[in-house]
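I opened this notebook to record a look-up of charged side-chain pairs and of the overall fold. The entries follow in the order in which I made them.

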Amino acid sequence: MGKIGPAQISRLLTVGEVAARSGVAVSALHFYEAKGLIESHRSRGNQRRYPREVLRRVAVIKVAQRVGIPLAEVQAALEALPQGRTPTAADWKGLSALWKSDLDARIERLQGLRDQLDSCIGCGCLSLGNCPLRNPWDRLSEEGAGPRLLDPEE
């Protein structure tokens with residue numbers, strides 16, 4: 001970010017203020033900054049200072065994380081905004097539409113796993129060679145014994 005003067009610095013938020021207002025730990029804010037999700041200015045004493053709009057960016061990040069959107073996807077979406085600005089309500093509508101199909105697919109996979117689990121609880125073995133949870137579609141049996149994926153999409 002560009003240089004700003006002492007008058008502008010005084011209108012910025014400290015990392016503690018952002019943490020308190022957003023409900024996000026200071027360490028998480030430092031992590032988001034290291035990943036390029038948020039930016040800060042530095043005071044003359046080299047302390048982080050954040051513009052108030054960082055609160056909206058943090059809110060978008062937290063909502064996206066809560067529904068399982070990977071941070072890399074959040075970062076790409078935020079970087080796609082003109083000049084990396086803070087998302088508006090219209091931007092959020094676009095971002096949420098992008099993520100909706102991915103979420104729908106995950107929900108469908110989870111429902112399938114849940115339905116398979118219901119049919120398996122009766123025996124409880126989870127060790128049969130053709131168990132749909134331990135060895136879906138028996139494709140993994142060719143790789144030998146050992147732990148297997150529960151979700152064939154992973």
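**Entry 1: terms and basis.** I took buried as under 20% relative accessible area, exposed as over 50%, and partly exposed as in between, with a 1.4 Å probe and protein chains only. The model is predicted, so I noted that local features need pLDDT of at least 70 and side-chain atom pairs count only at pLDDT 80 or more, whereas totals for chains, interfaces and linings use all residues. Residues are numbered from 1 along each chain as its sequence is written, and side-chain values use heavy atoms, with hydrogens and water left out.

**Entry 2: the chain as a whole.** I counted elements as DSSP runs numbered from the N terminus, namely helices (H or I, at least four residues) and strands (E, at least two). The protein chain holds 6 helices and 3 strands. Read from the N terminus, their order is α-β-α-α-β-β-α-α-α. I found that 29% of the 154 residues count as buried. For accessible areas I used the Shrake-Rupley method with a 1.4 Å probe; for residues, only the protein chains shown count as cover. The accessible surface of the chain is about 10100 Å², and carbon and sulfur atoms account for 54% of that area. I then turned to contacts (heavy atoms within 4.5 Å). Of those between residues at least 6 apart in sequence, 49% join residues at least 24 apart.

**Entry 3: salt bridges.** How many salt bridges does a search of the whole structure find? I required a side-chain nitrogen of Lys or Arg within 4 Å of a carboxyl oxygen of Asp or Glu. The search returned 3 salt bridges.

**Entry 4: Arg 48 and Glu 33.** I recorded a salt bridge between these side chains at 2.9 Å, N to O. The pair links distant parts of the chain, as Arg 48 belongs to strand E3 (residues 48-50) and Glu 33 to helix H3 (residues 26-34), 15 residues apart. Arg 48 counts as partly exposed because its relative accessibility is 23%.

**Entry 5: pairs within helix H6.** I noted that Lys 100 and Asp 104 form a salt bridge, with the closest N and O atoms 3.1 Å apart. Both residues lie in helix H6 (residues 89-120), 4 residues apart, about one turn of the helix. Lys 100 has a relative accessible area of 47%, so it is partly exposed; Asp 104, at 37% relative accessibility, is also partly exposed.

Asp 102 and Arg 106 form a salt bridge with the closest N and O atoms 2.4 Å apart. They too lie in helix H6, 4 residues apart, about one turn of the helix. I classed Asp 102 as partly exposed because its relative accessible area is 26%.
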